[in-house]
Structures are given as structure tokens and as C-alpha cells.
Amino acid sequence: SRFQQFRDSLFQEYDSFKDKINAEYANFLKESWQEFQNNKPVDEPVFEPVLSVPAPMPVEPVKHDANVVVHHADSPTEPTPDAKTVQSDVNRSPADPINSQNKNKTSHVPDISSNDNITADPSKSLLPVHFYGLKTSVAVDMLHIPYLLQQTEQAVADMWSQLSKNIVPVEPIEALCERNHWCQWAVVQYADSVAHAVYPKHHNERTVLQMWLLSQQGISARLAYDNNNRFYILVAVDGGLYGKPYFTLDDQQYYLLEQTQSESLLICNHEFGQNKPLSLMISHDMTLGDGKSIKVRQLKSDAYPQMTADVSVDQDFLNFYAHYPSGFLSDNKLSRWEILAKAPLCPTTQSSLYGAIEQSLEGHSDEERIEMLLNFVQTAFEYGNDNELWGGDRAFFADETCYYPYSDCEDRTILFVNLVRHFTNVQVAILMIPRHLFAAVALPGNPKGMYITIGDQQFTIADPTCKGAVVGQPMDGVDYSHIEALVVR
């Protein structure tokens, strides 16, 4: 058909354009690579949690340097429950689908099976690629698979020129991304899985292939090597990563995804086409694997017992989140938690949690919904200290909070913000004081209790960790004079 001919011609033009860019980049790879010094990693913001009870606050407003003003209006009219200090059971450890005893999120080592299913085609063999439950394949010309015969710039350029001819994912990464709505970190991880499938025992070749795959997907990255001729990938990030050394190249920070003892690297500092920095946001409902779920437990609000949900979580998402890098979007360090709070729940958790909550919220105003959601997050989960359970700070995605038996103020604030954004039309903010994270909501009308002004908008505090506290009710004995705030748009 004419449409098919037109479609084919577009693909041919696109392939020709990519071939041209790849040829140009291969020429850049032949040039001498420049030596750059790395920058020390940015430390992750860490704080010790506060455990206390709700109580009225004094009425004097306290000003904050960053255009945030704290106020205390009339105390909330709802009765305050009996004071109860939240305690953690340090004798129990989290469930362990992903080695929870190791709190650090490390690079994913994909599950690559043997090559028993290679096809009989001698020119293109199918190598299985297992990616968080998703089984795909990569077609490889085993007779002409490119290797680095020398650890030189010329050898890298030669290998780059051969990759598009001899190694082809059976389903293009673009198609996988479109079908599964993958975020860009999933693309980085999948490229790593493909590279492990093709070069399970050759680190440098694996690194070049992963770099090649990322370049074709529009992610800005650089190849580098150290004094021992070990190759690395540096990835540009929109914002930045915590705990990773980085190099500043042309006013852009490029982050090293694996550890090295070298303080400097030789880098090919040329951009592939017009590629862009990696986004850390998860903006769409992703799918991974076959959707195999784990029934977690029943979650129930104390004050609103009709708000009860039997929650299930997808195991593949738990594994994916366990290897998600900790990063930030801007100079505001609260954006670390914004990334987690804006990530959609996985389809399995959505269907089991959202559906049950929606029924209980039906017919209620936004203000009533927020009170109900706040009590649900406060009372449906047991409190646990990260330092005692994980050996250090570890903020959860909302799915992880639903899965693990314990959560702290970070985790509950992330889940609460997620629920408010999904079930109401109310603007919500993440707030931080020393040793504590909580939320605030921009309710219509005159605020009750403690509220803050961010810009020209009033936000009433809502603390998902302070068990039994209503909207506007702060913790007792806590200093709120230095509040940092971030409105989650």
C-alpha cells in the first residue's frame, strides 16, 4: 500500500541518518581522548528521624529564609487521640526479596541464562536477555561478533562501526520503551542486560556496546578508560546523582555508574548527535515482566475502618526499585523525594490499593479525603528506623512502602503525596526540618492549625508519621523554625 511504502521510506531515511551519525562518531573515537579529573560525589541528605506525639503549638509565626513562613491558626477542631509514642521493633528485619540487609543500591547484574536456545541460523543467533521478568532476545552474528583487538581509540572506533551490522535486539529498544512506557533508567538497565548477554566475560566490549545502545536511544553519555585500560560509561543526568563521582564536561555533569580507584579518566568528549541528559523521573505507568504479584498484607485505617485494602505488589518492580539511583532534579535537595513521590504505583499495586481506597473516598470532599488518607498512612503501617533496619538511610518508592513491614517519615511522606496527587485536586508540598520529613496541603478557605506560606500560597501541614494527628496538627516538642519546602507540581 502507499502508506506502507511511505512508512518504509521514513524508516530508511531514519536509518540513513543514524548511519551517518554513527560514522561521524566513529571518527571522533579515533581522536586522542582527553584526561579529566573527577569531582567527589555529592553526599545524600541524611537525617535521624524524630519520634514524638501530636500537641498544640504556640501561635507566634516564625519566618524562614527561603520564602517560607510558618503560622499557627486555630487548633484543629477534631479530637486528638490519646498520645502514643511510635515504637519500632528492632528484633524484626524487613522481608528479603532483594537482599534487604544490603542497604546500598548497586548496579543491576541481569539474569542471563545459558545460550541453549540459540537458533540454527549460523549468521544470526538469538541470545536470551532476561530483564526484571521480561524475556527478550538479541540477534548476534556469532561469526563476526566484534571484539577489541587492542585497547586503543582506533580499536574502539572499529568496533563501533561494526555493532549496528552484527548485533541487533530482536525487538528494538524504541519499541520496548513505547510498549512498556519505560523510564530512561530502565533503558540504561536494559542496555546493560543486552550487553551482558552478548559479552558475559568481556568487560570493555560490554561497556562499548552499552554505550552504543544508549547513544542510539538519545541519552547523552561518554566513553572513558583508566590507567589500567578498563573502560567506563559516564552518563549525563538532568539534575544529578548522589554518591557517584562525576566529571564536568562542557558545563554538564557526567556521572560514573561504577566504582573506580582512579581520580582521572581519559574521556572521548564528543556528543553523539544531539542527545540529551538522562531524566530520573518515572512519568508513566510502566510494565515489567509478566506482572507476577506478591500478596503483601491488609492495610487498614484506624479512624476510617472502611478504608481497608488487601495490597499486592509486583516482585519485578521491587527488584527494579532496589537498583534505582538516588538523585536530585535541582539545587533543592527535597527533589530527591519528589522523584520518588511522583513515580506512579506499579499496575499491581494500583489495582489492589487504589481500587479499595477509591470506594471509601466516594462522596467525600477533597478536604475530607485528605484527612482520611492522612490517617490511613499514619495507622496502616508500622514505624521502623532505617538505621536499625537497613544500616543507613533508604527512602522507599510508594510500592516499597506497601511491601516492607516497616516505614519511616520519608517513606510515609512519599506515599501520602502520591495518594493526595491521585485522589484529590489539592496542591501538595514536601517539607523538611532537621531530622524529619512531612507534607503540607493547599486547602481552600482559611487554614486551621499550623500552616506555612510558600510564595503567595498557604499550605496546611499534614504529618503522615505523627500517628493520630489531624491536618494542621504538628508534633510536640519539635522545632519548626527552619523549614525547607518543595511544592510537588
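Helix H7 (residues 335-342) and helix H12 cross at roughly 50°, and their axes come within 8 Å. Axes here are lines fitted to C-alpha atoms, for helices over the stretch in contact, with angles from 0 to 180 degrees between N-to-C directions. The angle makes H7 oblique to H12. Angles under 35 degrees count as roughly parallel, over 145 as roughly antiparallel, 65 to 115 as roughly perpendicular, and the rest as oblique. The crossing of H7 past H12 is right-handed. A crossing is right-handed if the near helix is turned clockwise from the far one by less than a right angle, and left-handed if anticlockwise.

This is a predicted model: local features need pLDDT of at least 70, side-chain atom pairs count only at pLDDT 80 or more, and totals for chains, interfaces and linings use all residues. Residues are numbered from 1 along each chain as its sequence is written, and side-chain values use heavy atoms, with hydrogens and water left out.

Which residues make the contact between H7 and H12? H7 supplies Arg336, Trp337, Leu340, Ala341 and Lys342. H12 supplies Glu410, Ile414, Val417, Asn418 and Arg421. Contact means heavy atoms within 4.5 Å. The set divides into five nonpolar residues, one polar and four charged. Ala, Val, Leu, Ile, Met, Phe, Trp, Tyr, Cys and Pro count as nonpolar, Asp, Glu, Lys and Arg as charged, and the others, Gly among them, as polar.

H12 (residues 409-423) also packs with H9 (residues 366-379). Here the angle is about 150° and the axes lie 10 Å apart. That makes H9 roughly antiparallel to H12. H9 passes H12 in a right-handed crossing. From H9 come Asp366, Arg369, Ile370, Leu373, Leu374, Phe376, Val377 and Gln378. From H12 come Arg412, Leu415, Phe416, Leu419, Val420 and Phe423. This contact holds 10 nonpolar residues, one polar and three charged.

Is leucine 415 buried or exposed? Leucine 415 counts as buried because its relative accessibility is 0%. Buried means under 20% relative accessible area, exposed over 50%, and partly exposed in between (1.4 Å probe, protein chains only). Leaving out residues up to four places away in sequence, leucine 415 touches Val377, Phe381, Ala398 and Thr401.

Beyond its neighbours within four places in sequence, phenylalanine 416 contacts Ile370, Leu373, Leu374, Val377, Ala439, Val441, Ala462 and Pro464.

The largest nonpolar core has 127 residues. Such a core is a set of buried Ala, Val, Leu, Ile, Met, Phe, Trp, Tyr and Cys residues joined through side-chain atoms within 4.5 Å. Trp182, Val198, Phe320, Phe376, Phe416 and Leu419 touch the most other members. Helix H4 (residues 184-198) gives the most to this core, with 10 residues. Another core, of 19 residues, lies apart and includes Met450, Ile452, Phe459 and Ala469.

Serine 312 sits in strand S14 (residues 308-314). Serine 312 is buried, because its relative accessible area is 16%. Not counting residues up to four places away, its contacts are Ser293, Ile294, Lys295, Val296, Thr348, Thr349 and Ser352.

Finally, the whole chain. The protein chain has 12 helices and 22 strands. Helices (H or I, at least four residues) and strands (E, at least two) are DSSP runs, numbered from the N terminus. Of its 489 residues, 55% are buried. Among contacts between residues at least 6 apart in sequence, 70% join residues at least 24 apart.
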